[in-house]
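Subject: Structure for your files

Hello,

Here is the structure for you to look through. My notes on the salt bridges and pockets follow below.

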Amino acid sequence: MAIGFTITKEDDRSTARLGLLNTPHGTVQTPIFMPVGTQATVKTMTPHEVRDCGGAMVLSNTYHLYLRPGHNLVAEAGGLHNFMRWDGPILTDSGGFQVFSLGPLRKITDQGVTFRSHIDGSEHFFSPETSMDIQMALGADVVMAFDECAPYPCSYEDTRSAMQRTTRWAERCRARHDREDQALFGIIQGGMYRDLRLQSAAELADMDFPGHGIGGLSVGEPKSMMYEVLDYLVPAMPREKPRYLMGVGSPDCLLEGVYRGIDMFDCVLATRIARNGTVFTRQGKLVVRNAEYARDFKPLDPACDCYTCRNFSRAYIRHLIKANEILGIRLTTLHNLRFVLRLMEDIRAAIAGDYFVEYKDDFLKQFKLD
């Protein structure tokens, strides 16, 4: 097996659990948040800095790396780990979500998806087999099956069609994938429809993937609806295999996801809002570029132990951002990554210490939601 997963502790008052995910590039503790390195880099950060923030496993994007620099070039460089100089585990997504996000620039059939590049308009074709070939060339530790992500809202008929196609494509991905040092995860679809979600979970469980992603959530639906889906879906997933909630990473959703038994997360939110001058604090989001912080000489978050908060003030960081200095967004990105990764560290400690429910409730009382 390319990976192994061991549950080391289960919480008595929730579905939260601790685990160890063993990969060819090391063992990581779960629950885990994976910083997103879309184009073989976590934006503005060096691999060393990601490590210093607590990062143990990162995600890269198949669609973007296919378009540039090209998966064959990455393979020629010795694979994604060597190319980006990251020695820990890597997960690559299938490219499906990005392709389907192109809207009128793509056409879906059972064979695959024809789409036009968002970079230069050139035409391309992705099939399950294409996605597997690209991901095998990239050489990540965990790769994802090619799926069709239904939008929100979406009719029952269209959602069922996307779910059924996802199942057929998962079978084709499994047939194509033959790299023994990679683990191929299936992706559960079915939108907001309970019967479709449970059908998708059952069909993928029968294929015996070593892990399962949950796709098609955090696509515009209310958070309460996402939690409702997780409440009935997670118990229907194989207990002994890692559960990956794709594209979810706000602090409140991380806590609620862990509470419901999720082991793996990824999201661009922390790094994206950092580039807009917004940071996480224990009280909620803080827009440091706002004028009210021009003479505020406190750290971004006095409770944070990151390099940014130990050395720089809100006033200085605001100045850098207003002056379009690159250091400004490097410092906000570093802070946000550390904030989310430290949250995961605290979550794991709380599960180990049997106080996770209290920790979750206390955190959410302080953290102002949008």
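Arg-239 counts as partly exposed, at 45% relative accessibility (buried is under 20% relative accessible area, exposed over 50%, partly exposed in between, with a 1.4 Å probe and protein chains only). The side chain of Arg-239 meets that of Glu-10 in a salt bridge, 3.0 Å from N to O (a side-chain nitrogen of Lys or Arg within 4 Å of a carboxyl oxygen of Asp or Glu). This pair links distant parts of the chain, 229 residues apart: Arg-239 is in the loop between α9 (223-233) and β13 (243-245), and Glu-10 is in strand β1 (residues 4-10). Helices (H or I, at least four residues) and strands (E, at least two) are DSSP runs, numbered from the N terminus. Glu-10 is also partly exposed, with a relative accessible area of 38%.

The model is predicted: local features need pLDDT of at least 70 and side-chain atom pairs pLDDT 80 or more, while totals for chains, interfaces and linings use all residues. Residues are numbered from 1 along each chain as its sequence is written, and side-chain values use heavy atoms, with hydrogens and water left out.

The structure holds 24 salt bridges. Another joins the side chains of Glu-358 and Arg-13, at 2.7 Å from N to O. Glu-358 sits in helix α15 (residues 356-366) and Arg-13 in the loop between β1 and β2 (17-23), 345 residues apart. Arg-338 and Glu-345 form a salt bridge at 3.0 Å, N to O; Arg-338 is buried at 11% relative accessibility, whereas Glu-345 is partly exposed at 28%. Asp-231, Glu-256, Arg-260, Lys-360 and Asp-361 are linked in a salt-bridge network.

A pocket here is an open set of points on a 1 Å grid over the protein atoms alone, where a 1.4 Å probe fits, with protein on both sides within 12 Å along at least five of seven lines; lining residues have an atom within 4 Å of a point. Of the 48 residues lining the largest pocket, Phe-97, Gly-247, Asp-266, Cys-267 and Val-268 are the closest to its centre. Helix α11 gives the most to this lining, with four residues.

The second largest pocket has a volume of about 230 Å³. Its lining has 14 residues, and those nearest the centre are His-177, Gln-182, Ala-183, Leu-184 and Pro-210.

Regards

Methods. Points joined across faces, edges and corners; volume = space filled by probe spheres on them.
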